[in-house]
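Please open the model in your viewer and keep the selection tool at hand.

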Amino acid sequence: MKSYNELTLAERRELYSELSAVYEEYRAKGLSLDLSRGKPNSSQLDISNGLLKVDLSSDHASEQGIDCRNYGVLDGLPEMKKLFADSMCLDPSDIIIGGNSSLQLMYDALMRAMLFGVYGSKAPWSQEDKLKWICVTPGYDRHFRITETLGFELISVNMLPTGPDMDEVERLVKDPKVKGIWCVPKYSNPTGYTYSDETVRRLASMKCAAPDFRIMWDNAYGIHDFSEDKDELADIFAISKEYGNEDRVFYFSSTSKVTFPGSGIAFMAASENNRKQISKYLGAQTIGYDKLNQLRHVRFFGTAEKMHSHMLNLGAVIKQKFDITISKLKVLSGLEIAEWTEPRGGYFISYNVMPGTAKRVYELCRSAGVTLTEVGATFPYGIDPADSNLRLAPTYPSDEDILLAMDILVLSTKLAALEKLGI
Ligand SMILES: Cc1ncc(COP(=O)(O)O)c(C=O)c1O
């Protein structure tokens with residue numbers, strides 16, 4: 001198959017008119033398909049339905065006899081900490097259990113930093129002159145929005161298959177105004193890449209000019225493997241301790257994509273110094289989070305092993321959707337107009353079309369009834385400088401809808417590339 005760059009003008013014109021005819025046929029169908037939402041569909045949610053049947057009516061006490069119907073236990077039930085610790089290789093004593101959203105814990109952590117500083121700060125961050133934050137791109141729009149809302153200048157660093165471009169990160173952190181970095185270290189949103197051991201070590205050991213630099217380690221997809229053939233992520237706490245830098249790490253995750261998004265359990269893990277500083281303010285914020293939901297999750301899973309097999313059940317459903325998506329993309333192989341990632345877990349595929357055509361692909365898809373995540377969403381300030389990246393979220397639509405949506409996406413990619421090359 002010829003790459004599009006090798007086509008003559010006459011060949012491009014002929015192909016464009018053929019493809020346009022097919023595209024118009026799809027458009028005439030009046031479809032309404034959605035590849036934009038990183039949400040589980042109902043068949044994935046059904047896998048967690050047992051959680052709705054956990055009956056706490058006659059036994060609502062934790063293992064230590066805490067009555068979970070009542071106030072108390074600011075940092076969460078010990079058995080919930082153990083479950084997270086066992087499944088994500090953490091120390092239970094490092095964990096603070098939160099409410100239903102890890103994003104909220106991240107927002108709170110940075111709000112506290114602005115108002116009070118973090119452990120090691122000389123002053124609240126909001127009293128410092130100009131603050132900067134490293135955003136690994138393409139990345140998660142809601143992360144970027146938090147730091148944008150709080151007034152940080154957002155600095156983009158490229159995501160490589162090994163994680164952030166560490167040469168660039170190490171250069172940037174020599175600036176004391178650079179206070180932190182967003183990281184989704186495993187099956188990153190949207191590339192699906194997992195940080196290499198070397199990247200984790202460099203993050204844990206790098207010399208930061210800001211004494212209170214923080215790594216926001218959002219391990220949202222830490223246990224979201226499709227099968228036993230999975231990516232491995234190095235233990236950032238263990239490695240940062242080797243360099244005396246354990247206070248640098250704020251670790252987050254949740255069961256949002258393990259059980260029910262919006263109705264799960266989130267947690268934060270941090271060093272003792274950090275936890276002491278945080279607890280002071282957390283105690284002013286709440287009397288405690290929802291222990292009944294913690295108890296329900298603990299009773300539903302029982303052990304980390306059971307949680308692991310639950311994740312493999314979920315992973316099998318999601319993998320099928322990824323396989324369908326990627327099999328459709330493969331028709332673009334060799335045309336040199338698109339590239340994509342093929343993750344072994346997580347929720348997203350990163351799709352790069354010919355530079356300068358992502359907005360056009362988005363528009364073509366939209367007018368044929370396919371909604372994609374907005375172009376630019378994966379970059380700070382919503383601007384993709386290369387106009388190339390699209391985030392594909394294949395978990396929500398039915399398999400049939402993915403097939404249709406992908407046909408339209410592939411067509412749109414080809415049409416936009418031909419327009420760019422000249423017709
Ligand atoms: C990387 C990442 N972090 C956090 C979240 C949201 O997590 P939560 O529901 O725990 O707030 C998402 C959801 O898509 C995500 O992709």
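A residue is called buried when its relative accessible area is under 20%, exposed when it is over 50%, and partly exposed in between, with a 1.4 Å probe and only the protein chains considered. The model is predicted, so local features need pLDDT of at least 70 and side-chain atom pairs count only at pLDDT 80 or more, while totals for chains, interfaces and linings use all residues. Residues are numbered from 1 along each chain as its sequence is written, and side-chain values use heavy atoms, with hydrogens and water left out.

**First stop: a helix**

Select Ala316, which lies in helix 12 (residues 304–329). Helices (H or I, at least four residues) and strands (E, at least two) are DSSP runs, numbered from the N terminus. Is Ala316 buried, exposed or partly exposed? Its relative accessibility is 44%, so Ala316 counts as partly exposed.

**Second stop: the ligand**

Next, look at individual distances. An oxygen atom of the ligand lies 2.6 Å from an N or O atom in the side chain of Tyr221. For Lys257, the distance from a ligand oxygen atom to a side-chain N or O atom is 2.6 Å. At Leu103, a polar backbone atom is 3.0 Å from an oxygen atom of the ligand. The protein covers 88% of the 400 Å² of accessible area that the ligand has on its own; such areas come from the Shrake-Rupley method with a 1.4 Å probe, and for residues only the protein chains shown count as cover.

The peptide bond that joins Asn189 and Pro190 is cis, with omega about 10°. Pro190 belongs to the loop between strand 6 (178–183) and helix 8 (197–205). Then move to Thr137 and Pro138, whose peptide bond is also cis, with omega near -5°. Pro138 is in the loop between strand 3 (132–137) and helix 6 (141–149). Most peptide bonds are trans, and most residues other than glycine have a negative phi.

Select Val73, in the loop between helix 3 (50–53) and helix 4 (78–88). What is the phi of Val73? It is near 60°, a positive value in a residue other than glycine. Val73 is partly exposed, because its relative accessible area is 27%. Tyr381, in the loop between strand 12 (370–371) and strand 13 (389–392), also has a positive phi, of about 60°. With a relative accessible area of 41%, Tyr381 is partly exposed.

**Last stop: a strand**

Select Tyr251 in strand 8 (residues 249–254). Tyr251 is buried, because its relative accessible area is 4%. Tyr221 is 30 residues away from Tyr251 in sequence, and the two C-alpha atoms are 12 Å apart in space.

Terms used:
A polar contact is a pair of N or O atoms within 3.5 Å; within protein, one must be able to donate a hydrogen and the other to accept it, and residues adjacent in sequence count only if both atoms are side-chain atoms.
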